[in-house]
Amino acid sequence: MGLDAPTGSLHAPDETVAEPESTTETRAGTEPESIALEARDLDVYYGDDQALQSIDMEIPEGEVTALIGPSGCGKSTFLRSINRMNDLIDIARVDGDLYFNGKNVYDDDVDPVALRRKIGMVFQKPNPFPKSIRDNVAFGLKVQGKDENVDAKVERALERAALLEEVEGQLDSSGLDLSGGQQQRLCIARAIAPDPEVLLMDEPASALDPIATAKIEELIEELSEEYTVVVVTHNMQQAARISDKTAVFLTGGELVEFDDTEKIFENPEHDRVEDYITGKFG
Ligand SMILES: Nc1ncnc2c1ncn2[C@@H]1O[C@H](COP(=O)(O)OP(=O)(O)OP(=O)(O)O)[C@@H](O)[C@H]1O
(Lines give C-alpha, C1' and ligand atoms only; values in the text may rest on other atoms or scores of the structure.)
Protein backbone atom coordinates (compact mmCIF):
# COMPACT_ATOMS: atom_id res chain seq x y z
CA MET A 1 0.00 0.00 0.00
CA GLY A 2 1.13 3.53 -0.66
CA LEU A 3 2.01 5.79 2.21
CA ASP A 4 -0.39 8.73 2.33
CA ALA A 5 1.62 11.86 2.84
CA PRO A 6 1.92 15.19 1.10
CA THR A 7 4.78 15.93 -1.23
CA GLY A 8 7.01 18.87 -0.53
CA SER A 9 8.17 19.79 2.91
CA LEU A 10 7.98 22.45 5.53
CA HIS A 11 11.72 22.94 5.57
CA ALA A 12 13.58 25.22 3.30
CA PRO A 13 17.07 26.13 2.19
CA ASP A 14 19.09 24.50 -0.49
CA GLU A 15 21.02 21.46 0.52
CA THR A 16 23.07 18.91 -1.33
CA VAL A 17 21.29 17.38 -4.27
CA ALA A 18 22.70 15.62 -7.24
CA GLU A 19 23.21 17.22 -10.62
CA PRO A 20 23.06 15.19 -13.85
CA GLU A 21 26.14 13.26 -14.80
CA SER A 22 25.49 9.56 -15.31
CA THR A 23 25.28 8.11 -18.81
CA THR A 24 25.49 4.50 -19.83
CA GLU A 25 24.75 2.08 -22.66
CA THR A 26 21.25 0.74 -23.23
CA ARG A 27 20.57 -2.92 -22.49
CA ALA A 28 20.70 -3.56 -26.18
CA GLY A 29 24.15 -1.97 -26.12
CA THR A 30 23.35 0.33 -28.99
CA GLU A 31 22.70 3.97 -28.22
CA PRO A 32 23.82 5.70 -25.06
CA GLU A 33 20.97 6.29 -22.66
CA SER A 34 21.01 8.58 -19.65
CA ILE A 35 20.36 6.87 -16.37
CA ALA A 36 18.42 8.91 -13.83
CA LEU A 37 18.32 6.39 -10.99
CA GLU A 38 20.44 3.39 -10.24
CA ALA A 39 19.97 0.88 -7.42
CA ARG A 40 23.00 -1.23 -6.51
CA ASP A 41 22.64 -4.18 -4.17
CA LEU A 42 19.80 -2.44 -2.37
CA ASP A 43 18.27 -4.23 0.62
CA VAL A 44 15.43 -2.85 2.71
CA TYR A 45 14.36 -4.26 6.06
CA TYR A 46 11.44 -3.55 8.37
CA GLY A 47 12.82 -4.63 11.72
CA ASP A 48 14.08 -8.17 11.14
CA ASP A 49 11.99 -8.72 8.00
CA GLN A 50 13.67 -8.18 4.68
CA ALA A 51 11.33 -6.50 2.17
CA LEU A 52 13.78 -6.04 -0.72
CA GLN A 53 16.68 -8.28 -1.63
CA SER A 54 19.74 -7.03 -3.37
CA ILE A 55 18.02 -4.90 -5.99
CA ASP A 56 20.07 -3.78 -9.00
CA MET A 57 18.23 -1.54 -11.42
CA GLU A 58 19.01 1.30 -13.81
CA ILE A 59 16.07 3.57 -14.47
CA PRO A 60 16.43 5.63 -17.65
CA GLU A 61 15.84 9.34 -17.74
CA GLY A 62 12.73 10.72 -19.42
CA GLU A 63 10.90 7.43 -19.67
CA VAL A 64 8.10 5.73 -17.77
CA THR A 65 9.23 2.76 -15.70
CA ALA A 66 6.48 0.57 -14.23
CA LEU A 67 6.98 -1.53 -11.10
CA ILE A 68 4.66 -4.52 -11.06
CA GLY A 69 4.29 -7.67 -8.98
CA PRO A 70 1.98 -9.34 -6.48
CA SER A 71 0.88 -7.70 -3.27
CA GLY A 72 3.61 -7.39 -0.66
CA CYS A 73 6.52 -7.97 -3.06
CA GLY A 74 8.09 -4.62 -2.20
CA LYS A 75 7.06 -2.26 -5.02
CA SER A 76 6.07 0.60 -2.72
CA THR A 77 9.09 -0.04 -0.53
CA PHE A 78 11.36 0.32 -3.56
CA LEU A 79 9.57 3.48 -4.67
CA ARG A 80 9.93 5.01 -1.22
CA SER A 81 13.60 4.10 -1.07
CA ILE A 82 14.23 6.32 -4.11
CA ASN A 83 13.38 9.59 -2.37
CA ARG A 84 14.07 8.33 1.12
CA MET A 85 10.44 8.28 2.22
CA ASN A 86 11.34 5.08 4.10
CA ASP A 87 13.30 7.35 6.45
CA LEU A 88 9.91 8.30 7.86
CA ILE A 89 9.23 4.70 8.94
CA ASP A 90 11.02 4.08 12.22
CA ILE A 91 11.70 0.40 11.70
CA ALA A 92 12.81 0.69 8.06
CA ARG A 93 16.52 0.23 7.30
CA VAL A 94 18.25 0.47 3.95
CA ASP A 95 21.53 -1.18 2.94
CA GLY A 96 23.21 -0.68 -0.41
CA ASP A 97 23.26 2.23 -2.81
CA LEU A 98 20.72 4.28 -4.70
CA TYR A 99 22.18 6.79 -7.12
CA PHE A 100 20.30 9.77 -8.47
CA ASN A 101 22.20 11.41 -11.31
CA GLY A 102 25.27 9.57 -10.10
CA LYS A 103 25.08 10.70 -6.45
CA ASN A 104 24.22 8.21 -3.72
CA VAL A 105 21.07 9.53 -2.04
CA TYR A 106 22.09 7.67 1.14
CA ASP A 107 25.35 9.61 1.48
CA ASP A 108 25.58 11.55 4.74
CA ASP A 109 25.65 14.90 2.98
CA VAL A 110 22.34 14.42 1.16
CA ASP A 111 19.41 16.23 2.71
CA PRO A 112 16.28 14.10 2.18
CA VAL A 113 14.09 17.19 2.13
CA ALA A 114 16.09 18.70 -0.73
CA LEU A 115 16.11 15.31 -2.44
CA ARG A 116 12.31 15.13 -2.33
CA ARG A 117 12.11 18.43 -4.14
CA LYS A 118 13.98 16.86 -7.05
CA ILE A 119 12.09 13.59 -6.73
CA GLY A 120 8.40 14.34 -6.19
CA MET A 121 5.79 11.80 -5.20
CA VAL A 122 2.12 11.16 -5.88
CA PHE A 123 0.18 8.71 -3.74
CA GLN A 124 -2.56 6.19 -4.29
CA LYS A 125 -5.27 8.20 -2.61
CA PRO A 126 -5.58 11.79 -3.79
CA ASN A 127 -4.53 13.87 -0.79
CA PRO A 128 -5.07 17.57 -1.48
CA PHE A 129 -4.67 19.90 1.47
CA PRO A 130 -7.88 21.50 2.78
CA LYS A 131 -6.92 24.68 0.96
CA SER A 132 -7.73 26.42 -2.29
CA ILE A 133 -6.65 24.92 -5.61
CA ARG A 134 -4.14 27.75 -5.96
CA ASP A 135 -2.67 27.23 -2.47
CA ASN A 136 -2.39 23.49 -3.00
CA VAL A 137 -0.24 23.97 -6.08
CA ALA A 138 1.66 26.94 -4.64
CA PHE A 139 2.54 25.01 -1.48
CA GLY A 140 5.85 23.57 -2.64
CA LEU A 141 6.88 26.82 -4.31
CA LYS A 142 6.30 28.87 -1.16
CA VAL A 143 8.11 26.35 1.01
CA GLN A 144 11.12 26.75 -1.23
CA GLY A 145 10.92 30.50 -1.16
CA LYS A 146 10.13 30.49 -4.88
CA ASP A 147 7.48 33.14 -4.42
CA GLU A 148 8.02 35.13 -7.59
CA ASN A 149 5.37 34.78 -10.29
CA VAL A 150 3.53 32.22 -8.19
CA ASP A 151 0.26 32.64 -10.09
CA ALA A 152 1.94 32.00 -13.44
CA LYS A 153 3.76 28.97 -12.03
CA VAL A 154 0.54 27.62 -10.53
CA GLU A 155 -1.23 27.95 -13.88
CA ARG A 156 1.65 26.30 -15.69
CA ALA A 157 1.64 23.35 -13.29
CA LEU A 158 -2.13 22.98 -13.61
CA GLU A 159 -1.76 23.07 -17.36
CA ARG A 160 0.97 20.41 -17.32
CA ALA A 161 -1.26 18.32 -15.06
CA ALA A 162 -4.11 18.66 -17.61
CA LEU A 163 -6.35 20.35 -15.07
CA LEU A 164 -6.20 24.03 -15.93
CA GLU A 165 -9.10 24.08 -18.39
CA GLU A 166 -11.41 22.46 -15.86
CA VAL A 167 -10.59 24.79 -12.97
CA GLU A 168 -9.84 28.09 -14.68
CA GLY A 169 -11.64 30.94 -12.90
CA GLN A 170 -12.09 28.91 -9.71
CA LEU A 171 -8.58 28.67 -8.34
CA ASP A 172 -9.79 30.02 -5.01
CA SER A 173 -12.25 27.14 -4.50
CA SER A 174 -11.25 24.32 -2.19
CA GLY A 175 -9.20 21.50 -3.69
CA LEU A 176 -11.44 19.14 -1.74
CA ASP A 177 -14.46 20.13 -3.84
CA LEU A 178 -12.94 18.58 -6.97
CA SER A 179 -13.78 15.06 -8.19
CA GLY A 180 -11.40 12.22 -7.25
CA GLY A 181 -9.71 12.28 -10.65
CA GLN A 182 -9.36 16.06 -10.56
CA GLN A 183 -7.97 15.85 -7.02
CA GLN A 184 -5.35 13.40 -8.22
CA ARG A 185 -4.39 15.73 -11.09
CA LEU A 186 -4.24 18.55 -8.52
CA CYS A 187 -1.80 16.44 -6.49
CA ILE A 188 0.23 15.87 -9.65
CA ALA A 189 0.23 19.65 -10.27
CA ARG A 190 1.40 20.16 -6.68
CA ALA A 191 4.19 17.64 -7.18
CA ILE A 192 5.44 19.16 -10.43
CA ALA A 193 5.11 22.87 -9.53
CA PRO A 194 8.57 22.97 -7.86
CA ASP A 195 9.99 21.45 -11.06
CA PRO A 196 11.33 18.08 -9.93
CA GLU A 197 13.32 15.80 -12.24
CA VAL A 198 11.64 12.58 -11.20
CA LEU A 199 8.02 11.79 -10.37
CA LEU A 200 7.29 8.74 -8.27
CA MET A 201 3.69 7.52 -8.45
CA ASP A 202 2.31 4.84 -6.17
CA GLU A 203 -0.77 3.35 -7.84
CA PRO A 204 -1.93 6.82 -8.84
CA ALA A 205 -5.12 5.64 -10.54
CA SER A 206 -6.22 2.74 -8.39
CA ALA A 207 -8.76 4.81 -6.45
CA LEU A 208 -10.29 6.30 -9.62
CA ASP A 209 -13.07 5.37 -12.05
CA PRO A 210 -12.17 4.23 -15.59
CA ILE A 211 -12.55 7.67 -17.20
CA ALA A 212 -10.43 9.40 -14.56
CA THR A 213 -7.94 6.53 -14.86
CA ALA A 214 -7.67 7.00 -18.62
CA LYS A 215 -6.93 10.69 -18.08
CA ILE A 216 -4.19 9.92 -15.57
CA GLU A 217 -2.67 7.34 -17.95
CA GLU A 218 -2.63 9.85 -20.79
CA LEU A 219 -1.12 12.42 -18.45
CA ILE A 220 1.65 10.06 -17.33
CA GLU A 221 2.71 9.58 -20.94
CA GLU A 222 2.77 13.33 -21.46
CA LEU A 223 4.70 13.94 -18.24
CA SER A 224 7.44 11.59 -19.35
CA GLU A 225 8.35 14.14 -22.02
CA GLU A 226 9.63 16.33 -19.18
CA TYR A 227 10.23 13.99 -16.27
CA THR A 228 11.48 10.56 -15.41
CA VAL A 229 8.40 8.73 -14.14
CA VAL A 230 8.42 5.65 -11.93
CA VAL A 231 4.99 4.21 -11.34
CA VAL A 232 3.78 1.34 -9.17
CA THR A 233 0.72 -0.36 -10.54
CA HIS A 234 -1.30 -3.48 -9.80
CA ASN A 235 -2.80 -3.27 -13.22
CA MET A 236 -0.73 -5.13 -15.79
CA GLN A 237 -2.66 -3.75 -18.76
CA GLN A 238 -1.95 -0.31 -17.43
CA ALA A 239 1.76 -1.05 -17.14
CA ALA A 240 1.75 -2.37 -20.69
CA ARG A 241 -0.06 0.72 -21.97
CA ILE A 242 1.90 3.47 -20.28
CA SER A 243 5.44 2.30 -19.59
CA ASP A 244 8.66 2.03 -21.59
CA LYS A 245 10.36 -0.26 -19.07
CA THR A 246 8.86 -2.71 -16.64
CA ALA A 247 10.35 -4.15 -13.48
CA VAL A 248 8.76 -7.33 -12.16
CA PHE A 249 9.14 -7.91 -8.44
CA LEU A 250 8.04 -11.21 -6.99
CA THR A 251 7.29 -12.46 -3.50
CA GLY A 252 10.22 -12.14 -1.15
CA GLY A 253 11.24 -8.73 -2.46
CA GLU A 254 13.20 -9.98 -5.43
CA LEU A 255 13.50 -8.08 -8.71
CA VAL A 256 13.16 -10.96 -11.12
CA GLU A 257 13.19 -9.17 -14.45
CA PHE A 258 13.63 -5.63 -15.72
CA ASP A 259 13.47 -4.85 -19.39
CA ASP A 260 11.61 -3.06 -22.15
CA THR A 261 7.91 -3.32 -21.42
CA GLU A 262 7.25 -5.00 -24.75
CA LYS A 263 9.82 -7.69 -24.00
CA ILE A 264 8.42 -8.32 -20.52
CA PHE A 265 4.89 -8.74 -21.79
CA GLU A 266 5.64 -10.57 -25.02
CA ASN A 267 8.69 -12.66 -24.33
CA PRO A 268 9.90 -12.62 -20.73
CA GLU A 269 13.11 -14.45 -19.87
CA HIS A 270 11.83 -16.05 -16.69
CA ASP A 271 9.07 -18.62 -16.37
CA ARG A 272 8.02 -17.07 -13.06
CA VAL A 273 7.50 -13.74 -14.81
CA GLU A 274 5.51 -15.38 -17.59
CA ASP A 275 3.35 -17.15 -15.01
CA TYR A 276 2.71 -13.86 -13.24
CA ILE A 277 1.99 -11.94 -16.44
CA THR A 278 -0.39 -14.61 -17.70
CA GLY A 279 -2.24 -14.64 -14.39
CA LYS A 280 -1.14 -18.06 -13.16
CA PHE A 281 -0.57 -16.47 -9.74
CA GLY A 282 -0.55 -13.13 -7.97
N1 LIG B 1 5.64 0.35 7.37
C2 LIG B 1 5.88 -0.95 7.34
N3 LIG B 1 6.21 -1.62 8.45
C4 LIG B 1 6.47 -2.96 8.45
N5 LIG B 1 6.42 -3.71 7.34
C6 LIG B 1 6.10 -3.10 6.19
C7 LIG B 1 5.82 -1.69 6.12
N8 LIG B 1 5.53 -1.38 4.83
C9 LIG B 1 5.64 -2.53 4.14
N10 LIG B 1 5.97 -3.56 4.95
C11 LIG B 1 6.16 -4.96 4.52
O12 LIG B 1 7.13 -5.00 3.49
C13 LIG B 1 6.73 -5.91 2.47
C14 LIG B 1 6.62 -5.16 1.15
O15 LIG B 1 5.54 -4.23 1.23
P16 LIG B 1 5.23 -3.18 0.11
O17 LIG B 1 4.07 -2.35 0.59
O18 LIG B 1 6.45 -2.51 -0.29
O19 LIG B 1 4.76 -4.16 -1.07
P20 LIG B 1 3.92 -3.83 -2.36
O21 LIG B 1 4.43 -4.71 -3.42
O22 LIG B 1 3.92 -2.37 -2.63
O23 LIG B 1 2.46 -4.30 -1.91
P24 LIG B 1 1.02 -3.80 -2.38
O25 LIG B 1 0.96 -4.10 -3.84
O26 LIG B 1 0.09 -4.64 -1.58
O27 LIG B 1 0.91 -2.33 -2.07
C28 LIG B 1 5.43 -6.52 2.93
O29 LIG B 1 5.72 -7.74 3.56
C30 LIG B 1 4.89 -5.53 3.93
O31 LIG B 1 4.10 -6.15 4.90
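Biologist: How many residues surround the ligand?
Modeller: This is a predicted model, so treat its geometry as computed. The closest residues to the ligand are Tyr46, Ala51, Ser71, Ser76 and Thr77.

Biologist: By class, how many residues of the shell are charged?
Modeller: Six residues of the shell are nonpolar. Seven are polar. The charged class has one.

Biologist: Is Asn149 buried or exposed?
Modeller: Asn149 sits in the loop between helix 3 (133–143) and helix 4 (150–160). Asn149 has a positive phi of about 50°, although it is not a glycine. Asn149 has 11 C-beta neighbours inside 10 Å, so it counts as exposed.

Biologist: Why does Ser54 count as partly exposed?
Modeller: Ser54 lies in strand 3 (residues 49–60). Its phi is positive, about 45°, although Ser54 is not a glycine. Ser54 is partly exposed because its C-beta neighbours inside 10 Å number 15.

Biologist: What distance separates the C-alpha atoms of Asn235 and Val110?
Modeller: Asn235 is in the loop between strand 9 (228–232) and helix 8 (236–242). Along the chain, Asn235 and Val110 are 125 residues apart. Their C-alpha atoms are separated by 34 Å.

How values were computed:
Residues are numbered from 1 along each chain as its sequence is written. This is a predicted model: local features need pLDDT of at least 70, side-chain atom pairs count only at pLDDT 80 or more; totals for chains, interfaces and linings use all residues. A residue is near a molecule or strand if its C-beta atom, placed from the backbone, lies within 6 Å of it. Ala, Val, Leu, Ile, Met, Phe, Trp, Tyr, Cys and Pro count as nonpolar, Asp, Glu, Lys and Arg as charged, and the others, Gly among them, as polar. Helices (H or I, at least four residues) and strands (E, at least two) are DSSP runs, numbered from the N terminus. A residue is buried if 20 or more other C-beta atoms lie within 10 Å of its own, exposed if 12 or fewer, and partly exposed in between; C-beta atoms are placed from the backbone.
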